[in-house]
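Hi everyone, thanks for making time today.

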Amino acid sequence: MEFEKESVKNESGRNVPDSSQYERALLVGLQHGVDDQSFARSMEELKNLAKACFMEPVGVATQKSDCVHKALYIGTGKAQEVKEAASMLEADVVVFDDALTPSQLSNLQKEIQKPVMDRTTLILDIFASRARTREAKLQVETARLKYLLPRLVGMHDALTRQGGTSGSMSSRGAGEKKLELDRRKIEKRITELERELKEIASERQVQRKKRQEARIPLVALVGYTNAGKSTILNALVDRYVQDEEKKVLEKDMLFATLDTTVRRICTGNNKDFLISDTVGFIHKLPHGLVKAFRATLEEVESADLLVQVVDRADCDYKEHMQTTQELLSQLDTADIPILTVYNKADRCGQEMEYPQLVGTDKLYLSAKEASSVELLVQTILERVYEDYVLAEFLIPYAHGDVVSYFMEQAEVIESAYEEGGTRIRVRCHKADRNKYQAYAVA
């Protein structure tokens, strides 16, 4: 086992608990079936996750193995080494870089005699601390309870049998009664949460249907956590909305924001679009979280355009893109066009020119600069309004409602009042041109 003492400085200016209140964490990783670079990247990410959960990593313990120990994940001898390291470093908690089985979690806690967390629990804790809206809180609680349910076994010390084989509550020891009651409470709570989430999902579906009827394009920001999605959203709000209350939390940390936010961007000439900032993705994102956030991620599935935001300054950006694509494949997004935005180009040195559009689906920019924001909006408009066509109509005065419709839903290029009605030249959706073909001017 390799062991390395960790020295961590607190990030200045962060509104977080005092460093003296941080839990001291020993990080443990098992390299199995991956190369050295991928393993090092995963461990570095675990370190950042621990920091995001207000922990202070005080050491890193790693091991190479051809197989995973079924009972203790890292084996008896290695577990003893971790126990000694945790004691020497005065660690409050030991965090493993993989999802542990219920038996592994229970056995490791007994062996190490310290609280043990796995990567999934760590991410769930971060999500729980970041959730702000009612929906996000319900989604996180659902995921946490579903993950906890099979791990109740071994959590109580007094699991004593008192004879009898009927299986009734009366024949069980105090610990088993407590375990059964906890299980029932959790199952009941999960049912309640899923019912509430289903109601919220129905409301969201109604809102989504209204947007579709209004034919306002929806653009969804997707990508790895901390790639700059919230920064891009705030830049658009600054430029086109100019309302500080419409901005979202923006921090250089993993999972700074969880709640899906939708904002209307008004660019003029009735060329508005909605932009949605979704939860960030991460390597080994717990499947339960993907399922819990499924209703929120339906914003992605109903989008007219996906904007995949990539931190181009990160040396692992290609792996981050692959992770994003793998998670998107779990959603119904195969037919939705994607615009890849390589953000933070200003940190890549002088060799990278920006802002610039390469082809039709790659854009290099810095969300902090106005010229980049303008090019992004121009590119989005060209993509989401590509089904719009030039058309000219002569609409009788008796049908002024049609004129009003075009004034609200199309880009009006010119209009004039003639003897036969209102002549109007517009750029409108193909469906509207076909719908009002009777008024079309050849």
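Let's start at one residue, Glu411. Setting aside neighbours within four places in sequence, Glu411 is in contact with Asn269, Asn270 and Lys271, and also with Arg425, Val426 and Arg427. Please keep in mind that we are looking at a predicted model.

Where in the fold does Glu411 lie? You'll find Glu411 in strand β14, which covers residues 411-418. And is Glu411 buried or exposed? Its relative accessible area is 17%, and buried means under 20%, so Glu411 counts as buried.

Now let's step back to the whole chain. It has 13 helices and 15 strands. There are 442 residues in the protein chain, and 48% of them count as buried. The accessible surface of the chain comes to about 22500 Å², with 46% of that belonging to carbon and sulfur atoms. If we take the contacts with a separation of 6 or more, residues 24 or more positions apart account for 68% of them.

Next, the inside. The largest nonpolar core has 46 residues, and the ones touching the most other members are Val95, Phe255 and Leu285. Helix α1, residues 36-52, gives this core its largest share, six residues. A second, separate core holds 29 residues, including Leu236, Phe273, Ile275 and Val373.

To finish, have a look around Val95. Not counting residues up to four places away in sequence, Val95 touches Ala25, Leu26, Leu27 and Val28, along with Leu46, Met55, Met117 and Leu122.

Methods: Residues are numbered from 1 along each chain as its sequence is written. This is a predicted model: local features need pLDDT of at least 70, side-chain atom pairs count only at pLDDT 80 or more; totals for chains, interfaces and linings use all residues. Side-chain values use heavy atoms; hydrogens and water are left out. Helices (H or I, at least four residues) and strands (E, at least two) are DSSP runs, numbered from the N terminus. Buried means under 20% relative accessible area, exposed over 50%, partly exposed in between (1.4 Å probe, protein chains only). Contact means heavy atoms within 4.5 Å. Accessible areas come from the Shrake-Rupley method with a 1.4 Å probe; for residues, only the protein chains shown count as cover. A nonpolar core is a set of buried Ala, Val, Leu, Ile, Met, Phe, Trp, Tyr and Cys residues joined through side-chain atoms within 4.5 Å.
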